Amino acid sequence: MALSCNNTLFPKPFVTSCSSQTQGTHFSNLPQPTKQDPIFKIKGPSTLSGHITVSGSKNASLPLLAATLCCSGTSLLHNLPNVSDIQAMASILSSLGAKVDAFDGKMMVNSDGVGKVEVDLEEMKKIRGGFFVIGPLVARFGEAVVALPGGCNIGKRPVDLHLRGLRALGAVVELRDGKVWARAANGRGLVGGKFRLDYPSVGATETLMMAASMADGTTVLSNVAKEPEVVDLARFLTDCGAWIEGAGSDNLIIRGKRQLYGSECVIKPDRIETGTFMLAAAITRSCILMSPVIPSRVSCLIDKLSQAGCKISRLDQQTLQVSAHPSHIGYDLKSFDIKTNPFPGFPTDLQPQTMALLTTCTGSSLVEESVFDNRMTHARELQKLGARIQVSGSNALVYGFDEGSALEGSPVIARDLRGGVSIILAGLAAKGTTQIHDIAHIERGYENIDMKLQNLGADIQRLTLTPAPHLL
């Protein structure tokens, strides 16, 4: 779809790329030096080849770890990614009194020793996913005190659906001093109820599913999220003794059980990491293999990349080959439009990476972000690398390489998890050296991404800067 600058979606763009003002602020916007400032340094352009192993899903692991609080006895989770968000969640569980042992990509959790129901404020600041524990704590122990969540700054992500849902299950919920205080109104535990979500929030769906699994009676949740991670959580809870029907559909019926028991679970491959490496192959015009993959969980991206001209083949049940190599496709990649939506729509967590790719395609593309209201900050960083992007609110008009985008290395900042990895992809395609600061955001959700890219042939290093004393 060819779009002009006069498109009515963009009446007052807040910034236009390639202006002298934007180009002159590459260094002034960098964070102040510290004694240890880990960065990624990328020399491009890169051509990738080989095979990568996709890690377990971070977004599935966090609620599954929280769900172990529902269970008596020990739960064993396999294939957890070694990322800082998982470490933070394990720390939260330990702080509550659970026994947590991690080894060889596995985590064993026994929550029988939980002796407190208030999560430490500093722990909650590290990770938004820590808020998941409110459902299991109220359901099993009758009360919880949890600080409002932290995480990436990608717009308003209110927890009002979580709290209203808990009230529908018989909880008294109050907000005081930046914390949520919740307790069972009857002094014993939650009770079954009916609740319709105004929006199919994944976090609210998972929180209420865990709470309802131990409530007295039957709960009906409608307009729920259908994401694969919701299905994974329902399967684990069912294995623990819960009764859940409808996971993956618009409605959930849950018959509460007084007691659940620890179980074993293998975390499914991360569909967002899968998509990120598919886009890495596309943006570098390369051919790579990846496994394990569940293609049905990334079908929306497969369709878009195929539309652009990529050749995507399923070599076996769990292996995908993604090629954008000129010798395979015979022409350059064409632009395409995306609009993010809840599953099975286009994932918001792949929007920033896709925007990076679109700057290297022919033509112009419209990117519409309908899930989060502030998920466009990566556009500014892509502009520092030479991308021509026009942003208005939650919409962006992205110009391809034939319409003004020309990626060249520059110092940039990872402002959030997915936005950070989008500039890694851009750095792989850019000419020259790209230096990425604040990479802790990226390492919240990607396991050893630098080493995985190195194994594919990328020139990327993780370095720790030691600035001169007068800069500290």
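This is a tour of one predicted protein model, stop by stop, with what to select at each stop.

**Before you start**

Residues are numbered from 1 along each chain as its sequence is written, and side-chain values use heavy atoms, with hydrogens and water left out. In this predicted model, local features need pLDDT of at least 70 and side-chain atom pairs count only at pLDDT 80 or more, while totals for chains, interfaces and linings use all residues.

**Stop 1: the whole chain**

Show the protein chain as a cartoon. Its secondary structure comes to 16 helices and 26 strands. Helices (H or I, at least four residues) and strands (E, at least two) are DSSP runs, numbered from the N terminus. Of the 472 residues in the chain, 56% are buried. Buried means under 20% relative accessible area, exposed over 50%, and partly exposed in between, with a 1.4 Å probe and protein chains only. Contact means heavy atoms within 4.5 Å. Among contacts in the chain with a separation of 6 or more, 75% are between residues 24 or more positions apart.

**Stop 2: the cores**

Select Leu65, Val133, Ile134, Met209 and Leu237. These have the most contacts inside the largest nonpolar core, which has 73 residues. A nonpolar core is a set of buried Ala, Val, Leu, Ile, Met, Phe, Trp, Tyr and Cys residues joined through side-chain atoms within 4.5 Å. In soluble globular proteins, nonpolar side chains tend to be buried together. Which helix gives the most to this core? Select residues 84–96: this is helix H3, and seven of its residues belong to the core.

Now centre on Met209. Leaving aside neighbours within four places in sequence, Met209 touches Leu221, Val230, Leu233, Ala234, Leu237, Ile244, Leu252 and Ile254. Another core, of 66 residues, lies apart from the largest one; Ala280, Phe346, Leu453 and Ile460 are among its members.

**Stop 3: helices H7 and H8**

Select residues 202–212 for H7 and residues 228–239 for H8. The two helices pack at an angle of about 10°, with their axes 10 Å apart. Axes are lines fitted to C-alpha atoms, for helices over the stretch in contact, and angles run from 0 to 180 degrees between N-to-C directions. H7 is therefore roughly parallel to H8. Angles under 35 degrees count as roughly parallel, over 145 as roughly antiparallel, 65 to 115 as roughly perpendicular and the rest as oblique.

Show side chains here. From H7, the contact uses Val202, Thr205, Glu206, Met209 and Met210, and from H8 it uses Glu229, Val230, Leu233, Ala234 and Leu237. By class, this contact has seven nonpolar, one polar and two charged residues. Ala, Val, Leu, Ile, Met, Phe, Trp, Tyr, Cys and Pro count as nonpolar, Asp, Glu, Lys and Arg as charged, and the others, Gly among them, as polar.

**Stop 4: helices H9 and H12**

Select residues 271–283 for H9 and 351–358 for H12; their axes come within 10 Å and cross at roughly 5°. H9 and H12 are therefore roughly parallel to each other. In H9, Ile272, Thr276, Leu279, Ala282 and Ile283 meet Gln353, Thr354, Ala356 and Leu357 of H12. This contact of H9 with H12 has six nonpolar, three polar and no charged residues.

**Stop 5**

Select residues 160–168, which form H6; Leu161, His162, Leu163, Gly165 and Leu166 are its buried residues. They pack against H5 (134–141), S9 (171–176), S10 (179–184), S11 (194–196) and H7. Just after H6, Gly170 has a positive phi of about 90°.

Go on to Asp177, in the loop between S9 and S10. Is Asp177 buried or exposed? Asp177 is exposed, with a relative accessible area of 74%. Its phi is near 55°, a positive value in a residue other than glycine.

**Stop 6: two cis peptide bonds**

Select Ser291 and Pro292: the peptide bond from Ser291 to Pro292 is cis, with omega near -10°. Pro292 sits in the loop between S17 (287–291) and H10 (299–308). Next, select Phe343 and Pro344, which are also joined by a cis peptide bond, with omega about 15°. Pro344 is in the loop between S20 (338–339) and H12.

**Stop 7: cysteines**

How many disulfides does the structure hold? There are zero, a disulfide being a pair of cysteine sulfur atoms within 2.5 Å. Select Cys71: its nearest cysteine sulfur, that of Cys240, is 3.6 Å away. Cys71 is buried, with a relative accessible area of 0%. For Cys265, the nearest cysteine sulfur is that of Cys240, 8.5 Å away. Cys265 counts as buried at 14% relative accessibility.
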